[in-house]
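Here is a short note to read beside the structure. Work through the points in order, and keep the model open as you go.

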Amino acid sequence: MLIKTPPSWAINENEITPESVYLNRKQFIKGVGSAIAAGGLLLSDPIDLMAAKSGLPAKRNEAYKVKRPITKEKLATTYNNFYEFSFDKDDVHKEVEDWNIDNWKVEIGGLVEKPKTYDVEDLVKQMTLEERVYRFRCVEAWSMVVPWTGFPLKDLVKFAQPLSSAKYVKFTTFLDRSAAKEQRRLWLPWPYTEGLRMDEATNELPLMVTGMYGKPLPKQNGAPIRLIAPWKYGFKSIKSLVKIEFVEKQPETYWETQAPKEYGFYANVNPTVDHPRWSQAKERVVGSFFKSQETLMFNGYEEQVADLYKGMDLRKFY
Ligand SMILES: Nc1nc2c(c(=O)[nH]1)N[C@H]1C(S)=C(S)[C@@H](COP(=O)(O)O)O[C@H]1N2
Ligand SMILES: [Mo]
């Protein structure tokens, strides 16, 4: 009997298909179902169509380059701070597995022309996505370099039409004690909140992020939508947003209410202002065990943001 063994080069096609294509194909299968349901849409190139739907991968904006090497995707998606799910960085990606983020809504409210709650996809569809490679520096003195996909926060501010009385933007993360076990620690000030001054929010840098490494944002990194403010310590880059509010007074923020002397509202990366318990002059490069490097003023974004803080004592407003 002749047993037909596949030749060595005929490996499983899943193994040779790039992951991004595979992801799109999964969406395509879903998409075909809805297209048929919608009454037989003609799909000339379904893969392109579905890629366009998620907006990924988006075109890289070459104005934001980083000389340091990009962190491995595996590390950036398995070494996470997301205290709602775990206090252990290595566990977050496992703790989010059963968390359902379907039908996610984002409220835009406070001092705006027309407060409204959006399906996150509908909101993102109004914006133009781009990819930017940014340095990322946690207050715990470690750093990464990550390609994020998103749209400028300033576009969202414009879209929201804030009133002239709005002086700050306040961000709020979801609250769901059944999904996020650490939110059952009732003494902690959940939900996680953050804020930016209006001129910080409308600066070119802050991104509303929906993807990383050319793929949809993983849950452990703050899906479906988060903030990235690269000149500030990582805790300002709040994850999994459900509310964006325009307010008159500086909002209370999660970490500031916890330990105001350690995690101030501004939290600008500054190698000359030490944390009360450690120096901020250097940082450990995640992924290279021994490598430490100089921390840069405003995390290397001095040119873009230094003007925002002219005349402010950065030792007092840390
Ligand atoms: N909602 C929420 N957002 C959060 C946090 C958090 O615990 N909860 N941790 C912050 C901190 S301390 C850091 S360093 C970054 C980590 O982002 P990453 O896991 O995508 O690298 O998210 C920030 N955003
Ligand atoms: Mo952090």
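1. Start at the ligand. A nitrogen atom of ligand 1 is 3.0 Å from an N or O atom in the side chain of threonine 173. That is a polar contact, meaning a pair of N or O atoms within 3.5 Å; within protein, one must be able to donate a hydrogen and the other to accept it, and residues adjacent in sequence count only if both atoms are side-chain atoms. Arginine 226 puts a polar side-chain atom 2.7 Å from an oxygen atom of ligand 1. Serine 237 uses its backbone: a polar atom there is 2.9 Å from a nitrogen atom of the ligand.

2. How much of ligand 1 does the protein cover? On its own, ligand 1 has 530 Å² of accessible area (Shrake-Rupley method, 1.4 Å probe), and the protein covers 98% of that. In total, 17 residues surround the ligand (a heavy atom within 4 Å). The closest are Tyr83, Glu84, Asn221, Arg226 and Lys239.

3. Now the ground rules. This is a predicted model: local features need pLDDT of at least 70, side-chain atom pairs count only at pLDDT 80 or more, and totals for chains, interfaces and linings use all residues. Residues are numbered from 1 along each chain as its sequence is written, chains are lettered from A and ligands numbered from 1 in the order in which they are written, and side-chain values use heavy atoms, leaving out hydrogens and water.

4. Check the confidence. The protein chain averages a pLDDT (the predictor's confidence in each residue, from 0 to 100) of 87. At least 70 is reached by 83% of the residues. Read residues 5–51 with care: their pLDDT is below 50. Beyond near neighbours in sequence, this stretch has 24 contacts (heavy atoms within 4.5 Å) in the model.

5. Look at the backbone too. Two peptide bonds to proline are cis: tryptophan 190 to proline 191, with omega near 0 degrees, and alanine 223 to proline 224, with omega near -5 degrees. Glutamine 161 has a positive phi, near 50 degrees, and is not a glycine.
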